[in-house]
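This briefing concerns the model shown below.

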Amino acid sequence: VRVDSNQLMRQGSYESSLVQAQANKKDRGQQSIASALPAPDLTKLLDTVVVGAGPAGLFLACELAKRGLNTVVVGPDVPIVNNYGVWLDEFVALGLEHTLECSWDDAVCYFGEGRRMQLGRGYGRVSRRHLRTHLLKICQEAGVTFLPGDVTDIKLSEDGRTSHLTTAAGQRLDARMVTLAAGAAAGKFLRYEEGAPSVAAQTAYGIEAEVEGYGAAYPLDTMLFMDFRRHHTGVWDEGASRLQTGQHPNAGDGEWGVSEEVPSFLYAMPLGDGRFFLEETCLVAKPALPFAALKRRLERRLQAQGIRIKSVHEEEWSYIPVGGPLPLGDQPVAAFGAAANLIHPATGFSVARSFREAPGVADQIVNAMRDGRTTREGAAQVWAQLWPQERRTQTAFHVFGMELLATLDLKSINSFFDTFFRLPGWMWRGYMASQLSSLQLIAFALLTFAIADVDIKYKLVTFLFADPAGGYLINAYKKRYLAEQQKPAAQLTVQSSTKVDAEKESIPTSVGGSPTVV
């Protein structure tokens, strides 16, 4: 039996038991989907089925139903369990600020002792209950129906115009189009490109807890986005605040003997009334950094900072598969959200992007049905919407960045992010939102190289020409160039006259000023 190592990584690898424990969490404060959405009539041919009832799946289903399609969501009737942090300007632009539980006007980072940086950008924590209520409300208003259960099989009819779905309970649905939005589990139904770097993972262990002493270590009115200081080892209890630049007990800023250590950082949200969300995060690793290691680091880091845990209300095991091969565009099912690789390879962000993409995907499905396309042709239109060669090139660039980050030690990763956040605000914001064009990403790379220190310059150049991720990136730009050459001259003229303005409009503008080094 052939084992798909990428699919194993998507589903949690050796941490799959804790990934499943996270997915099985209960929340009585969230309304069940079945109590809000009616059941479908399974005797009829459905227009479209969305497999997966998470935020991305429900949002897409709403967009489809709003366009007049008979839309059914199939998936487990479980609550939203993950904590979502979002950039404030992105959720405001989506009209979803009412779903936020907390927000902060600024975010702060620490990239070594004495190297504090204010990002000048607001951040928010999504309320799982508010988001669930909003999604069920808009689905209900649009006429979406719901069938609880897991899809175990999808087959295409002989005439190529109907998909037959079977659930674990033996129920059968017939639909003209199927879109997978079930996250990592959807990978078993998809085919992927060859020659791409393998899937990596972002892992994080977090707690929501009542603590004492946080205000002495960090500002209470600011989101802590990244603290990469090495306080999880070699520092006495409550000793972190007394450390001076270059005087860590493990030499320098704590880099002695850590060249093989996978870096991680503290991510924290002050929630008010002595309550905090605290999470030790590994941005990307191959293989995944274990939850047990992250838990030990979090506990030790808090002790070093003098932060005392009084009571823990919730634990979180966050596992996000990132990077890896992109789905092929010639298959009889479409996908959306994390199932369609809409997770940013180098950051792990996906929610805002999925919500932005939903209307365009819904339009393509409606167009395919209006034009009498076969199921495969309709799916191809969705894949062309999500993954044209331009976006595949952009993602190859992001994957290159992810692969590079996975190789950096603590000193280099601090240097890298210190460089990254000193780029113009529109540039680093656009990168994190997957909204820089492939040409803008070249400008991003050149400016990064220009202001980076010698160590990062050397790593960028050697990685580009020596690592397979560099070849993957170069090949993507070659394919983009060839695709542009094959376009009719008139089409290229029209595109070139509108491209610059469109790209400027798509990039989030500065909110709250530029990053400030303190």
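**Nonpolar cores**

The largest nonpolar core holds 125 residues, and those with the most contacts inside it are Phe225, Phe417, Phe420 and Phe421. Such a core is a set of buried Ala, Val, Leu, Ile, Met, Phe, Trp, Tyr and Cys residues joined through side-chain atoms within 4.5 Å; buried means under 20% relative accessible area (1.4 Å probe, protein chains only). The model is predicted: local features need pLDDT of at least 70, side-chain atom pairs count only at pLDDT 80 or more, and totals for chains, interfaces and linings use all residues. Residues are numbered from 1 along each chain as its sequence is written, and side-chain values use heavy atoms, without hydrogens and water.

- A second, separate core of 29 residues includes Ala209, Leu278, Ala293 and Ile307.
- Leaving aside neighbours within four places in sequence, Phe225 has contacts (heavy atoms within 4.5 Å) that include Trp87, Tyr123, Phe265, Phe349 and Phe421.

- Three strands form an open sheet in the order 3-7-4, with antiparallel pairing; two strands pair if DSSP finds at least two bridges between them.
- Strand 3 (85-87) and strand 4 (100-104) are the edge strands.
- Strand 3 pairs with strand 7 (residues 123-126) over 3 bridges, and Gly85 has Arg125 as its bridge partner.

**Confidence**

- The chain has a mean pLDDT (the predictor's confidence in each residue, from 0 to 100) of 91, and 92% of its residues reach 70 or more.
- Over residues 492-512 the pLDDT is below 50.

How values were computed
Buried < 20%, exposed > 50% of the residue type's maximum accessible area, 1.4 Å probe, protein only. Helix = DSSP H or I, 4+ residues; strand = E, 2+ residues; numbered from the N terminus.
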